[in-house]
Amino acid sequence: AETGVTITVTPTAFTIADGATQELTITANVDAATIGNWYFGDVQLTEDSSASPDVHMPVAVFPSAGVVPEHLFIDTRRNAGSKLLEGLQAIEITERTHEYFGLAKGEQENFTLLEDPTTGDPYDDSDQVHISMFTVPANTARFVTEITASTSLDLDLFVLFDDGSGAVEIGMSATGAVLEYFDLMNPPAGDYYIVVQNWTSSVVDEADDVTLSTGIITNDADNAYIEGPDAVAKGVLFDLRYFWDIPEMVANDRYYGVFTLGTDAAHPDNIATVPVDL
């Protein structure tokens, strides 16, 4: 392995019959590694009678500061509640610290949209697509837009950004599905254009209903918080509980947020930054 990573394999030797299987446990110790860097190694299996060639198994290791959810999705029937995050792991936490952004209510648009006759180009005729514009201020934590409901058989979502020098496409969600989703952390300030294209309508020559939800998350809305142990030794499993309390929330609303997890007050986000969809 590269310097900074130590690889061990258990068992170190074994006997195996023709057609049988053998489980190996490959462990990488990354105590001396740099968080956020890739490290590469190789596990070599040698047959003791030299009847078979050596077998090489490439190993790639990416040390992180913590094993936490990359994205927290919550589907709830209550406007106040909690979700348990179990089996988390991290570097040593001496004073568990969080920053909160949101939860901010998504702006929902309901519209109808005919199938685009030129599906290969969503920008050739603005009358054949739906376009929404949002201005994102400086220091925004997150910009997210998604199609939450539609009668269409296939919709596509395109996002353009204009910092004053002209709009350019910065991303898309163009799968064969309907509920397309685009998410951008720490978006630059400027105007964002959301283009929704109806690729396949449910009924020929009839418009489909579409619901689009867009969230701009800037600061703490004081409607969510986390409880858990204040200090955790390195590598020890622990749980956190995420709480929300939004009295005005009703069915079909979408709320978006972000929370960070840090080892102490001076490092509020050095373990993880997690987007939240409620």
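This is a predicted model: local features need pLDDT of at least 70, side-chain atom pairs count only at pLDDT 80 or more; totals for chains, interfaces and linings use all residues.
Strand 7 and strand 18 (residues 238–245) run antiparallel to each other and share seven bridges. To pick out one spot, Lys-83 has Tyr-242 of strand 18 as its bridge partner.

Now for the rings. Eight aromatic pairs turn up in the model. One of them, Phe-143 with Tyr-192, is tilted, with 4.8 Å between the centres and 35° between the planes. Phe-143 belongs to strand 11 (residues 142–150) and Tyr-192 to strand 15 (residues 190–200), so this pair ties together parts that lie 49 residues apart in sequence. Phe-143 and Tyr-192 are both buried. Tyr-225 and Phe-243, by contrast, are stacked, at 4.8 Å centre to centre and 5° between the planes. That pair bridges strand 17 and strand 18, with its members 18 residues apart. Tyr-225 is partly exposed, because its relative accessibility is 38%, while Phe-243, at 17%, counts as buried. Elsewhere, Trp-38, Phe-40 and Phe-62 are joined into a cluster by ring pairs.

Arg-96 is found in the loop between strand 7 (80–90) and strand 8 (100–105). With a relative accessible area of 16%, Arg-96 falls under the 20% cut-off and is therefore buried. The Arg-96 side chain reaches the backbone oxygen of Gly-228 at 2.8 Å. Arg-96 also touches a run of other residues, among them Ile-226, Glu-227, Pro-229, Asp-230, Leu-240 and Leu-261.

Key
Residues are numbered from 1 along each chain as its sequence is written. Side-chain values use heavy atoms; hydrogens and water are left out. Helices (H or I, at least four residues) and strands (E, at least two) are DSSP runs, numbered from the N terminus. Buried means under 20% relative accessible area, exposed over 50%, partly exposed in between (1.4 Å probe, protein chains only). A polar contact is a pair of N or O atoms within 3.5 Å; within protein, one must be able to donate a hydrogen and the other to accept it, and residues adjacent in sequence count only if both atoms are side-chain atoms. Contact means heavy atoms within 4.5 Å. Two strands pair if DSSP finds at least two bridges between them. Rings of Phe, Tyr and Trp (its six-membered ring) pair if their centres lie within 6.5 Å; planes under 30 degrees apart count as stacked, over 60 as edge-to-face and the rest as tilted. Lists of a residue's contacts leave out its neighbours within four places in sequence.
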